[in-house]
Amino acid sequence: MSDEIDKLKMHSPDLTQDNIAKIRALFPGCVTEAAGEDGKLRLAVDFDQLRQELSDSIVEGPQERYHLNWPGKREALITANAPIAKTLRPARDESVDFDTTQNLFIEGDNLEALKLLQETYLGKVKMIYIDPPYNTGNDFVYDDDFAETVGEFLAKSLQEDDDGNRLVANPETNGRFHSDWLSMVFPRLQLARRLLRDDGFIVVSIDDVECHALKRVMDEVFGEANFVASLVWDKNRKNDAKYFSVGHEYMLVYVKSLQELKDHDIKLRAPKEGVDEAKANFAQLRKEHGEDWEKIAGGMKAYYKTFEEDDPRLPLARYTKFDAKGPFRDDGNINWPGGGGPTYEVLHPETGKPCKLPKSGWRYPTKKRFDEEVAKGRIVYGPDETTVPRVRTNLFENFDQVLTSVRYSYAQTATLEFEEIFDGSRVFENPKNYKDLSLLVNYLTGPDDIVFDFFAGSGSTAHGVMHANSSYGGNRMCISAQIGEEVAKDSEAANYGFKLISDISKERIRRAGQKILEGECHPDWNKDVGFRVLKIDSSNMADVFYTPDQTSQADLLSRVDNVKPDRTAEDLLFQVLLDWGVDLTLPIHRETVQGKTVFFVDDTALMACFDAGISEELVKELAGHAPMRIVFKDTGFANDQTKINVRQIFKAMSPETEVKAI
């Protein structure tokens, strides 16, 4: 075994080769070697043989099948899988609490962001929410240039410039109007799926223009069986409409694996809004009026009347009866759902005669189960046996609920709340309501989960995550990604001083975080309103137009320092974190050791020193910390002998340490 230090690959994963390796593990006879466009041998799939392996009859040619297709689909899939040699550069001056925050803000093309995060967050994200361009003809889509060959794409993706991913107008007159939009969203969804946990959810906002196409493409990417719901959000009435006032939008909800939810009997529930406040009001009324239920009812109903029509507490107003257990309603359906339920005999407690049966049978499977509900005070009888008993629901005992698929969220409310953050200026059109997103975040995630939005826009998702943490408790982490799209000239955003949409996002998160901290916060929240800004850029390494398998070891040994002159040691550190798949939010501190700058990531999770003139004495001192991983610059050693001895030093002093170089 060579003592030469292994090199980091310095590019995102080649997902095509990863997928082929998985196929080879299942069907080794279906994978062979083939020359790529650069002449290098790579693994390739014999698709004819694979089709035969998956069929119990002779396969002679393509068969008709139900599927979604459009011009550019194959190129879009190739683009999703192709690696890029990009990196994330930290921007401390634009961040908030850079050294301690658990949140990330990535500025750059979200396709590249998704690729760069594959190693670090593979299978770790609990919820993805995105609000992509709706393809109305007035917005922009990402042009990923699918006309080029794979080789051309790879060559371009390794360059410094940003020509590979442009925002372009997509008018309805474009002959590829729908195809271009699908080609934009398809590879991003493919990559997003890989980041989700098996019990993770993705929620995508859309309107009527592409809802049907989005449903089809998400069925293909996530599986039709993993469709959970289509939420309809009633936003506002449009009285100037010619035919109907279409004031709604959709959110399509998918889970990565519905079977995972079933296997673990996972059900979704959310607390009713305002229950704690209602408890406090009821307790105060009891203190004032004792058991005068008429006065208590009057006080509670007056409290209900303070709710606006879009107030999430409005469902509480249905609890219009009161006793010592608090507000209740006794109009619950006792029917077996769907019909054909049990028809056992239930005697009325006053008349002793059998009660009238519900039309579809009793809701409870056995008489014993029914009697248990009676004993708990959850069944209400009518005046005699001629009426069907009803279910009683006590608000303070039934404080969670399943969210309905039809929701109300007035767009004007969201706009006014957003404008308030920016001193009354409308610096962004049609921001999503952060309270709606907070509700979904709390419904779909646990207190320590990761939420990701790669169409961050105005920053509503990050605001919603902070609101969920501060309102319901928890320390959810939010990753936001937004391209540095220029704001329109002479717009309110430009007049306010913003140059990029991403600048609006960051400033909104800063201001919203401070406002949340000024209010009442849940005790089980770490009050993290910060975020690390990381900007997508070309590789830190100069003239990197190769992948490791294209360069000989002799070439590497003979290279001079190939780090670009404008890149810092911290830039290099984050590229190493990406390459190694280390959490990008871990705490980082630097120390001077024997005159050299050494980075400690989460103490000893990773150590790095990119200075020149590294001696054996320094290597031995660092090995004494027994880090999990350590990285040096390939040209940073004082002499060749030190470079040769590094592996042996760690093998002797810290054999579990993984040693690499850039």
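The structure is a predicted model, in which local features need pLDDT of at least 70 and side-chain atom pairs count only at pLDDT 80 or more, while totals for chains, interfaces and linings use all residues. Residues are numbered from 1 along each chain as its sequence is written, and side-chain values use heavy atoms, with hydrogens and water left out.

A cavity is here a set of points, on a 1 Å grid over the protein atoms alone, where a 1.4 Å probe fits but cannot get out, and its lining residues have an atom within 4 Å of a point. Grid points are joined across faces, edges and corners, and a volume is the space filled by probe spheres set on the points. The count comes to seven cavities of 30 Å³ or more, and the second largest cavity has a volume of about 70 Å³. Two or more residues of its lining come from each of strand 5 (104-107), helix 15 (460-472) and strand 20 (477-482), where helices (H or I, at least four residues) and strands (E, at least two) are DSSP runs numbered from the N terminus. Helix 15 gives the largest share, three residues.

Most residues other than glycine have a negative phi. Asn 430, however, has a positive phi of about 55 degrees and is found in the loop between helix 13 (411-421) and helix 14 (434-444). At 61% relative accessibility, Asn 430 counts as exposed, a term that means over 50% relative accessible area (1.4 Å probe, protein chains only). Asp 603 has a positive phi near 65 degrees, and lies in the loop between strand 23 (596-601) and strand 24 (606-609).

Technical notes: 1 Å grid on protein atoms, 1.4 Å probe; cavity = no way out; pocket = protein on both sides within 12 Å on 5 of 7 lines; lining within 4 Å. Buried < 20%, exposed > 50% of the residue type's maximum accessible area, 1.4 Å probe, protein only.
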